[in-house]
Amino acid sequence: MRILLTNDDGIHAPGLDLLEAIAARLSDDVWVCAPAEEQSGAGHSLTLNFPVRLRQFGPKRFAVSGTPSDAVNLALRKLFPDRSPDMVISGVNGGENLADDITYSGTISAAMEAALAGIPAVALSQAMRDGGNGFSAAAGWAERVLAPLADAPLAKRTVINVNFPALPADAVKGIRVVRQGFHDYSRGSLVEGIDPRGRPYFWFGLEDVEHSLDRGTDLEAVDEGYVSVTPLQLDLTHHATLGTLAERYSG
Ligand code: MN
């Protein structure tokens, strides 16, 4: 099995080192292509207005001067012209990617880039809510999450979003397959200040974001100490609204 790894925290991220160690136990054909710098929050952006550069750090290890989507897209076009990877794994992100984090997340967007190309894709994120435990849960549980996915019949254009709770590995209760929850980032904290040239600036904080801990969601599972596994689809169409909206425009 050929596996491509990436990480939106950049080529030198500790979560990428961890993922390389885990992937080496699953395959002997592991490649890395990641952004040269941290790109958290970059979403699914592709660099179009200036060139990107590919820098090689080892036989199968590359950095891209761009976004997480650039890294995966360039890898697929340039590094694998003949035989695509069988799986792309993005992570392990330092920080959770739960609920509506999905649309902001460089970690999940890198996996989406692979899913668009028809390649099974997994995003791994380690919650760090209370700090202190680092990547312990991911280190102890990632292989148990990934092994069953290797030969699972995954639907095309889907991404498996995995989040590890902020606990030591031996305190994690298990794995739950759950749906996406809901955050409201419009009410989070906002840091305001004056820059050295006297102009006001704003900095988005992540505190005080409203979380819904509805039953059966990724937020609830991680909050209760489980690893959450959520299948995401790239078809964002709201199918239930197709009919009612079409009626509005008919006649
Ligand atoms: Mn990140």
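The sheet and its surroundings

A: S1 and S2 run parallel and are joined by four bridges. Within this pairing, Ile3 stands opposite Val30 of S2. The model is a predicted one, in which local features need pLDDT of at least 70 and side-chain atom pairs count only at pLDDT 80 or more, while totals for chains, interfaces and linings use all residues. Residues are numbered from 1 along each chain as its sequence is written, and side-chain values rest on heavy atoms, without hydrogens or water.

Strands (E, at least two residues) and helices (H or I, at least four) are DSSP runs numbered from the N terminus, and two strands pair if DSSP finds at least two bridges between them. In this model, nine strands make up an open sheet with mixed pairing, in the order S3-S4-S2-S1-S5-S6-S7-S13-S8. S3 and strand S8 (174–177) stand at the edges with a single partner strand each, so one side of each has no neighbour in the sheet.

In the parallel sense, strand S6 (residues 121–126) pairs with S7 over six bridges, and Ala123 stands opposite Asn161 in S7. S7 and S13 run antiparallel and are joined by six bridges; there, Val159 has Leu232 of S13 as its bridge partner. S7 is mostly covered, with seven of its seven residues buried (under 20% relative accessible area with a 1.4 Å probe and protein chains only; exposed is over 50%, and partly exposed lies in between). Both of its faces are covered: Thr158, Ile160, Val162 and Phe164 are buried on one side, and Val159, Asn161 and Asn163 on the other.

The manganese ion has as its protein donors Asp8 (OD), Asp9 (OD), Ser40 (OG) and Asn93 (OD1), at 2.1 to 2.2 Å (donors are N, O and S atoms within 2.8 Å of the metal, or 3.2 Å for Na, K and Ca; water is not among the atoms, so sites may look incomplete). Along the chain, the spacing of these donors is D-D-x30-S-x52-N. Asp9 lies in the loop between strand S1 (2–6) and helix H1 (14–24), and Ser40 in the loop between strand S2 (29–35) and strand S3 (54–58), so the pair ties together parts that are 31 residues apart in sequence. Asp9 is buried, at a relative accessible area of 18%, whereas Ser40 is partly exposed, at 40%.

The largest pocket holds about 850 Å³ of space. Its lining has 31 residues, and Glu96, Asp101, Tyr104, Tyr185 and Leu206 lie nearest its centre. Strand S5 (87–94) and helix H3 (106–116) are the elements that give two or more residues to this lining. The second largest pocket is lined by 16 residues, with Gln180, Leu232, Gln233, Asp235 and Leu236 nearest its centre. The largest share of that lining, four residues, comes from strand S13 (residues 226–233).

Note on methods. 1 Å grid on protein atoms, 1.4 Å probe; cavity = no way out; pocket = protein on both sides within 12 Å on 5 of 7 lines; lining within 4 Å. Points joined across faces, edges and corners; volume = space filled by probe spheres on them.
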